[in-house]
Amino acid sequence: MPNKNLSTGYVYSEDLLQYRFSNEHPFNQMRLKLTTELLKDANFLKDEHIVIPRIATDEELALIHQYDYIQAIRHASHGILSEHEAKKYGLNGDDTLQFKHMHRHSARIVGGALNLADCIMDGTFINGCHLGGGLHHALPGRANGFCIYNDVAITAKYLVEKYHQRVMVIDTDAHHGDGTQWSFYTDNRIMTYSIHETGKFLFPGSGHYTERGEDIGYGYTVNVPLEPYTEDASYLEVFKETVEPLVAAFKPDIILSVHGVDIHYRDPLTHMNCTLNSLYSIPYIIQDLAKRYCNHKVLMFGGGGYNIWRVVPRAWSHVFLSLIGEPIQQGYLPLNWINKWKLYSTVKLPKRWEDRLNDYAYIPRTKEISDKNLRIAKQVASWYERYSDI
């Protein structure tokens with residue numbers, strides 16, 4: 001665990017809440033505000049941690065995205081995108097809707113990540129998190145899965161191009177990080193690792209363990225698909241079994257991690273059966289890897305997570321807590337946070353940091369699910385554990 005005197009950055013501005021498709025859309029940045037307020041009310045997040053996001057330039061966006069796509073997003077921002085173009089650029093469905101000033105609000109998410117990356121590289125901070133980011137589905141020329149610009153991929157490429165870093169992306173969102181994967185599928189400077197619910201029944205349908213990259217990028221894409229209804233013990237076993245051999249083989253200079261919290265059993269959009277135990281443990285595992293292999297350098301993103309009241313704030317708080325060297329929390333949540341938000345919440349707010357598992361359903365096929373997960377994990381790990389470098 002890092003020394004508590006080491007400085008940690010936290011990207012935040014009320015402007016980040018403007019990335020919003022509609023009032024009914026499941027992607028709701030209010031979860032970012034709830035998390036930020038919880039960290040402040042618990043006396044962990046201070047003003048000196050805050051990194052104010054800027055708006056990324058077109059040149060920075062074009063590290064990953066095509067210029068015609070960036071121009072299409074500008075047109076959509078002003079309501080002048082044709083039906084044909086909307087279909088071409090992935091802006092005609094219910095998932096990724098057009099909204100006013102979407103270019104500016106999307107580019108701000110990218111700019112926040114780049115600001116934090118600069119602060120880590122110039123020594124202002126040793127590490128940091130950008131919980132309002134993690135838009136890992138956006139493709140170079142197409143919006144996808146609630147994501148307009150892929151801040152994770154852009155930041156990875158930015159670190160390679162500007163700072164000559166060897167970058168590893170560790171994505172623990174329940175959905176496969178397809179946009180990031182395809183951005184670097186033929187690249188050997190960036191390794192992408194995604195552990196996710198199998199695409200057999202879940203968007204985006206990709207992420208099979210045989211997807212390993214192409215050309216000089218072969219072996220630098222790693223996928224660990226998990227069976228639906230995977231529980232804590234299996235998830236953490238598979239994660240530990242696979243992620244460290246990869247870090248040890250690739251030897252990154254910096255880790256970028258995506259902390260979607262939709263593996264939780266209460267998440268409405270996935271079929272996983274994990275609890276806060278897994279979500280609390282994941283960032284500490286990654287932080288430990290960053291300490292041992294990257295001189296602490298890690299930038300943690302948010303990602304998915306659609307139970308915004310009962311899951312996301314407590315889980316994402318532990319992303320930041322892992323970075324500042326605080327332990328996993330127990331006991332009561334700050335009373336002023338509960339009192340502040342209980343009138344707005346559509347469900348009864350939790351009172352404690354621990355999960356209350358009164359609605360948890362135990363799965364009868366646990367052993368079968370766990371055995372299949374472990375078989376895939378051992379196969380993936382075997383490709384890397386014999387190498388000191390790749």
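## Aromatic pairs and the central sheet

Phe 21 and Phe 27 are both buried. The model is predicted. The two ring centres lie 6.4 Å apart with the planes at 80°, so this pair is edge-to-face. Ring pairs also place Phe 21 and Phe 27 in a cluster with Tyr 19, Phe 99, Phe 146 and Tyr 306.

The count of aromatic pairs comes to 19. Tyr 10 and Phe 320 form one of them, and that pair is edge-to-face. Tyr 10 belongs to strand E1 and Phe 320 to helix H10 (residues 312-324), so the pair ties together parts 310 residues apart in sequence. Both Tyr 10 and Phe 320 are buried.

| Edge-to-face pair | Centre to centre | Angle between planes |
|---|---|---|
| Tyr 10 and Phe 320 | 5.4 Å | 85° |
| Phe 21 and Phe 27 | 6.4 Å | 80° |

Charges also sit over rings. The charged end of Arg 31 is over Phe 27, 4.5 Å from the ring centre. Arg 166 lies over the face of Phe 250, at 4.1 Å from the ring centre.

Now the sheet. It is open, has eight strands and pairs in parallel, in the order E2-E1-E3-E8-E7-E4-E5-E6. Strands E2 (50-51) and E6 (221-226) stand at the edges with a single partner each, so one side of each has no neighbour in the sheet. E1 (residues 8-11) pairs with E3 (residues 127-130) over three bridges, in the parallel sense. Gly 9 stands opposite Gly 128 in E3. Helix H9 (residues 276-293) lies across E3, E4, E7 and E8, at about 160° to E8.

An unreviewed UniProt entry annotates residues 25-321 as "domain: Histone deacetylase". Over residues 25-321 the chain is 40% helix and 11% strand.

Terms used: Residues are numbered from 1 along each chain as its sequence is written. This is a predicted model: local features need pLDDT of at least 70, side-chain atom pairs count only at pLDDT 80 or more; totals for chains, interfaces and linings use all residues. Side-chain values use heavy atoms; hydrogens and water are left out. Two strands pair if DSSP finds at least two bridges between them. Helices (H or I, at least four residues) and strands (E, at least two) are DSSP runs, numbered from the N terminus. Contact means heavy atoms within 4.5 Å. Axes are lines fitted to C-alpha atoms, for helices over the stretch in contact, and angles run from 0 to 180 degrees between N-to-C directions. UniProt positions are given in the numbering used here, feature names are shortened, and annotations may be inferred rather than shown by experiment. Rings of Phe, Tyr and Trp (its six-membered ring) pair if their centres lie within 6.5 Å; planes under 30 degrees apart count as stacked, over 60 as edge-to-face and the rest as tilted. Buried means under 20% relative accessible area, exposed over 50%, partly exposed in between (1.4 Å probe, protein chains only). A charge sits over a ring if NZ of Lys or CZ of Arg is within 6 Å of the ring centre and within 35 degrees of the ring normal.
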